[in-house]
Amino acid sequence: MTFSSSLSAPRAVLFDLDGTLADTAPDLAAAVNWMRTERGLEPTPYAILRPTASAGARGMIGAAFGLAPGDEGYEEMRLEWFERYQSNMAVHSTLFDGVPDLLDGLTASGMAWGIVTNKPARFTDPLVPLIGLAHAGCVISGDTTPHAKPHPAPLLEAARRLDIDPTHCWYVGDDQRDIEAGRAAGMVTVACNWGYCGSIDPATWGAHYQLDTPRHLLDMLRELAGAAVTTA
């Protein structure tokens, strides 16, 4: 990995939730396929639904029913999907391989970490402890601030709660909105190839770095932290 000569280890690393820390797509997809089954329709293949998971209801309903916000019937389906998902959101959702070690490594290195997601708090608040993320330094949901990503407000609020300057924070996500929000907040951004990533090539998002596994991110952070100790 080649680093910028001015790059230093962050004081905090902030993460998107769905598709970055946690593989929540199975439960997101199950909720919308339950809706299809209730209507006498065949389930939408998981391979079609998974890439849209980071977009939540908008992604699921768009892929399964071909409806977008503003279309007739979309809002009713969105509310129905919310109810179904809320009652079954931690059945198959798990942390991605390597994420527990990544988070333990950050803590051991003295770096804070937190979650910034567009998922509404009605889902985030109960889900985070159920999947083993209750020790996050902060959790910012999609409705915590007046604006959601790609606006930088949620990331700036996370930095404020951690009492760390945004320029000393990194943001890691699997969607172009994550990278746009992170850059707007003045943070170093990392596109995670292990996530859902949608239909747009992550190489075009403008992230500072693009990594394939949580282990790669941990190794990068440890190398930067070690370099800082060596030059201190």
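The notes below take the whole chain, then the pockets.

I worked from a predicted model, in which local features need pLDDT of at least 70, side-chain atom pairs count only at pLDDT 80 or more, and totals for chains, interfaces and linings use all residues. Residues are numbered from 1 along each chain as its sequence is written, and side-chain values use heavy atoms, with hydrogens and water left out.

**Whole chain.** I noted nine helices and eight strands; these are DSSP runs numbered from the N terminus, helices being H or I of at least four residues and strands E of at least two. The C-alpha trace spans about 65 × 30 × 30 Å along its principal axes. Of the 232 residues, 49% count as buried (under 20% relative accessible area, 1.4 Å probe, protein chains only).

**Largest pocket.** I took a pocket as an open set of points on a 1 Å grid over the protein atoms alone, where a 1.4 Å probe fits, with protein on both sides within 12 Å along at least five of seven lines; lining residues have an atom within 4 Å of a point. The volume, the space filled by probe spheres set on the points, is about 440 Å³. I found 26 lining residues, with A55, G56, N118, K119 and P120 nearest the centre. α4 (74-86) is among the elements that supply at least two lining residues, and α4 gives the most, with five.

**Second largest pocket.** I recorded about 220 Å³ of space here. The lining has 16 residues, of which D175, C197, G198, S199 and I200 lie nearest the centre. The elements giving two or more residues to this lining are α3 and α8.

Methods: Buried < 20%, exposed > 50% of the residue type's maximum accessible area, 1.4 Å probe, protein only.
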